[in-house]
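Below is a short briefing on one predicted model. It covers contacts, nonpolar cores, a helix pair and confidence.

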Amino acid sequence: MTDEASFSWVPQEHVSNIWGQVAPLLKRVTDLSDGRFEVSDLQDLILNKNYMLWIAFDDSAIIGATITMFQQYPRKKYLYMMFVGGVNIERWYSIGITTLRKFAGDTGCDGVEATGRLGWERVLKNDGYTSRWKVFDMPVIRSTEEEDSHHGV
């Protein structure tokens with residue numbers, strides 16, 4: 001077994017064959033999504049919505065998974081790293097980032113972007129990422145039917 005793992009895109013027709021190995025690696029990530037995603041949602045996005053699965057692997061197992069998609073803005077196109085999960089990230093992070101940057105360049109992207117927990121900022125800044133903004137969220141207030149009738153809603 002080598003120190004550095006390999007990193008590769010998984011063609012859509014092969015995703016179901018390896019999903020049983022990938023799903024546990026992404027479970028922790030979906031658990032941190034505040035109910036936005038379950039692991040089965042990620043599989044659906046890959047199989048039906050043009051999201052891409054990338055895996056890190058060594059001689060014996062899949063040890064990491066990344067899900068990306070193209071994000072088209074009015075004036076720029078980015079490869080968006082949406083989910084990253086796995087074990088022994090020090091063995092595959094560097095090859096993963098390099099592979100994704102090359103893929104983004106080869107597919108006409110202007111850059112690679114990611115969202116993640118604040119701890120990722122420490123990791124990503126060493127590879128040239130800039131934290132341009134933070135995402136803020138808050139729960140909504142749901143009115144009861146009685147309150148709705150008083151407010152004309």
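**Core and helix packing**

Beyond its neighbours within four places in sequence, Ile67 is in contact (heavy atoms within 4.5 Å) with Leu26, Leu42, Ile46, Tyr51, Met52, Leu53, Tyr80, Met81, Met82 and Phe83. Residues are numbered from 1 along each chain as its sequence is written, and side-chain values use heavy atoms, without hydrogens and water. As the model is predicted, local features need pLDDT of at least 70 and side-chain atom pairs count only at pLDDT 80 or more, while totals for chains, interfaces and linings use all residues.

**Nonpolar cores**
- A nonpolar core is a set of Ala, Val, Leu, Ile, Met, Phe, Trp, Tyr and Cys residues that are buried (under 20% relative accessible area, 1.4 Å probe, protein chains only) and joined through side-chain atoms within 4.5 Å.
- The largest one has 23 residues, and Trp19, Val22, Leu26, Leu53 and Ile67 have the most contacts inside it.
- At least two residues of this core come from each of H1, H2, S2, strand S3 (62-72) and strand S4 (77-86); H1 gives the most, with eight residues.
- Another core, of 18 residues, lies apart from it and includes Trp54, Ala56, Met81 and Trp92.

**Helix pair**
- The axes (lines fitted to C-alpha atoms over the stretch in contact, with angles from 0 to 180 degrees between N-to-C directions) of helix H1 (residues 12-31) and helix H2 (residues 39-48) come within 9 Å and cross at roughly 145 degrees.
- Helices (H or I, at least four residues) and strands (E, at least two) are DSSP runs numbered from the N terminus.
- Residues of H1 that meet H2 include Trp19, Ala23 and Leu26.

**Confidence**
- Mean pLDDT (the predictor's confidence in each residue, from 0 to 100) is 89 for the chain, and 92% of the residues score at least 70.
- Confidence is lowest in helix H5 (residues 145-151), at a mean of 56, and highest in strand S2 (residues 52-57), at 98.

Technical notes
Buried means under 20% relative accessible area, exposed over 50%, partly exposed in between (1.4 Å probe, protein chains only).
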